[in-house]
Amino acid sequence: PGLLVLSLTVALAACVSRPDNEAKRCATALGAPMLVFELFFGRSVPAGGEVGDGDWEGFVDRVVTPALPNGFTVFDATGAWMDPGSSTTIHERTKVLLVALPDAPGSFAAVRRIRDAYQAKYRQKLVGMTIASGCGSF
């Protein structure tokens, strides 16, 4: 857990925008500086079974939409990793959530609420996440 926190802290620090350069670059592209979050929600439940389509839709309605009222995109994917015990490839149905948000503390807090809620409700070790800086307009 400590290494994960350190890794995320370093990753977030690397994403901090440089206001002057970023704003100039984005103005040329006709957009504003934004952070693009991509979250990976594995649907396998540790005790067996899966987060079903109805469960996922309920989670989106109760947690995701209130946290991201201006919109987001969700698509289906398949995640895979190697089981350390058997050295076999494990495949898992996955939902990927993509959202562009202002580079602001409130954006990080909204994403954190979503991740924490999913991890708690479906007993997940973690919800994977990547963050990239970019320019956007909506």
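Mentor: What follows is a short talk about confidence, strands, a helix and one arginine. This is a predicted model, where local features need pLDDT of at least 70 and side-chain atom pairs count only at pLDDT 80 or more, while totals for chains, interfaces and linings use all residues. Residues are numbered from 1 along each chain as its sequence is written, and side-chain values use heavy atoms, with hydrogens and water left out.

Trainee: Where in the chain is confidence lowest, and where is it highest?

Mentor: pLDDT is the predictor's confidence in each residue, from 0 to 100. The chain averages 85, and 83% of the residues score at least 70. The lowest mean is 44, in helix α1 (residues 2-15), and the highest is 97, in helix α3 (residues 53-67). Over residues 2-17 the pLDDT is below 50, and that stretch has 9 contacts in the model beyond near neighbours in sequence; contact means heavy atoms within 4.5 Å. Where pLDDT is low, the predicted coordinates should not be read in detail.

Trainee: What makes β2 and β3 a pair?

Mentor: Helices (H or I, at least four residues) and strands (E, at least two) are DSSP runs, numbered from the N terminus. Two strands pair if DSSP finds at least two bridges between them. Strands β2 (residues 73-82) and β3 (residues 89-101) have 10 bridges, in the antiparallel sense, so they pass that definition. Thr78 has Arg93 of β3 as its bridge partner. β1 is also joined to β3, by 8 antiparallel bridges.

Trainee: Why is Arg43 called buried?

Mentor: Buried means under 20% relative accessible area, exposed over 50%, and partly exposed in between (1.4 Å probe, protein chains only). Arg43 has 2% relative accessibility, so Arg43 counts as buried. Arg43 sits in the loop between β1 (32-42) and α3.

Trainee: What makes the link between the side chains of Arg43 and Asp53 a polar contact?

Mentor: A polar contact is a pair of N or O atoms within 3.5 Å; within protein, one must be able to donate a hydrogen and the other to accept it, and residues adjacent in sequence count only if both atoms are side-chain atoms. The Arg43 and Asp53 side chains are joined at 2.7 Å.

Trainee: How do you know that the span of α4 agrees with its length?

Mentor: The expected span is 1.5 Å times one less than the number of residues. For the 17 residues of α4 (residues 105-121) that gives 24 Å, and the end C-alpha atoms are 24 Å apart, so the two agree.
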